[in-house]
Each structure stands twice: as C-alpha cells, then as structure tokens.
Amino acid sequence: MEVKVTGADASDLAGGIKLVEPLQERFPRLSLMWGDSHYGGQFLEWVKEHLGWDVQTVRRLGTVRDENLIDPKPTRHESKGGFAVPKRWIVERSIAWITRWRRLARDHEGLPQTSEAFIKISASRRMLSHLAVAFA
C-alpha cells in the first residue's frame, strides 16, 4: 500500500503521520490499521481524529498490558488445515522476505527515497514470481 523510510532522527509519530496521510485518498473505505506497539498513544489519537480510522497495535506475547493494545492473545487467521498465524508474524514474515533481497540486507542507500524504491522493487519481484508460478 505504501512505503515510507525516514531518518533515525524522526519520531515514530512523525513517520507514521507521513505514511498514512496519503492513504486516505487512495483507500477511502479503509477503517482499521495494524501497527506495532510504537504506534500507540498519540498516533492512535491522531489517526482517529484526522482520518477516522481505528488502529490496533500488535505486540509480542509477554509484554506489559496497556489499554491501547489488543488482547495479548494474538488474533489468528484460520486456514483450511487449521494452522493459525498471528498478525505480528504476517508483518515480520513480509519484512523478512523483503530483506532476503541482498540489496536490502544492509543500509547502503544515501537517500530515503532510494530505500523506498528498492523496497517496492523487492516486494514487486516477490509478487511477480508467485504470479509466474501460478500462470505457468
């Protein structure tokens, strides 16, 4: 949907706002977002106030409870075989697939826009490789 790379000096709140602002026009029916625990607190309030969306923060098991976080028992997506995958694993697995691309294994880029472009290329290549197998 969107990729945003910011410098280490930018807060998670500022980076999150830069990420989600353009999504409102592109995805008008969007009403729920998932984010990790860094996107709790002020970000939750800002998104609700400015965009009208709900944000659920997904966290690891065994962390301290917070009223802004979802139940510590992860929500699962059921498959036909009964195997369940927590939401956090979906995000972490996707990031792991992208970073398997050698260019993204280390931080070589000088500009955030270059990093964003290579992340999009890596994700596109992964999706296209799955389509190629499906249509072969």
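Me: Which residues make the nonpolar surface patch?
Reply: Leu-128, Leu-131 and Phe-135 make it, with an area of about 370 Å². Patch residues have over 30% relative accessible area and no salt bridge; nonpolar side chains (Val, Leu, Ile, Met, Phe, Trp, Tyr) are joined within 5 Å, like charges within 9 Å. Accessible areas come from the Shrake-Rupley method with a 1.4 Å probe, and for residues only the protein chains shown count as cover.

Me: What am I looking at, and how is it numbered?
Reply: This is a predicted model: local features need pLDDT of at least 70, side-chain atom pairs count only at pLDDT 80 or more, and totals for chains, interfaces and linings use all residues. Residues are numbered from 1 along each chain as its sequence is written, and side-chain values use heavy atoms, with hydrogens and water left out.

Me: What span should helix 6 have?
Reply: Its 24 residues should span 34 Å at 1.5 Å a residue. The expected span is 1.5 Å times one less than the number of residues. The end C-alpha atoms are 35 Å apart, which agrees.

Me: Which residues are buried in helix 6?
Reply: Ser-115, Glu-116 and Ser-122 are. Ser-122 has a relative accessible area of 6%.

Me: What does Ser-122 touch?
Reply: Ile-98, Trp-101 and Leu-104, leaving aside residues up to four places away in sequence. Contact means heavy atoms within 4.5 Å.

Me: How far is Thr-99 from Ser-122?
Reply: They are 8.4 Å apart in space, C-alpha to C-alpha, and 23 residues apart in sequence. Thr-99 is in helix 4, residues 87-99. Thr-99 counts as partly exposed, at 36% relative accessibility.

Me: New topic. How many salt bridges?
Reply: The count comes to one. The rule wants a side-chain nitrogen of Lys or Arg within 4 Å of a carboxyl oxygen of Asp or Glu. Lys-48 pairs with Asp-54, with the closest N and O atoms 2.8 Å apart.

Me: Why can side chains pair like that?
Reply: Opposite charges can pair when their charged atoms come close.

Me: What is buried in helix 3?
Reply: Phe-43, Leu-44, Trp-46 and Val-47, in a helix of residues 42-50. Seen down the helix 3 axis, the buried residues fall within an arc of 165°, so they line one face. The arc is that of the directions from the axis to the C-beta atoms.

Me: What do they pack against?
Reply: Helix 1 (12-20), strand 1 (32-36) and strand 2 (54-58).

Me: And which residues are exposed on the other side of helix 3?
Reply: Gln-42, Glu-45 and Glu-49. Just after helix 3, Gly-52 takes a positive phi of about 75°.

Me: What about the chain overall?
Reply: It has six helices and four strands. From the N terminus on, the order is α-α-β-α-β-β-β-α-α-α. Buried residues make up 24% of the 136 residues. The accessible surface of the chain is about 10,200 Å², and 55% of it belongs to carbon and sulfur atoms.

How values were computed. Helix = DSSP H or I, 4+ residues; strand = E, 2+ residues; numbered from the N terminus. Buried < 20%, exposed > 50% of the residue type's maximum accessible area, 1.4 Å probe, protein only.
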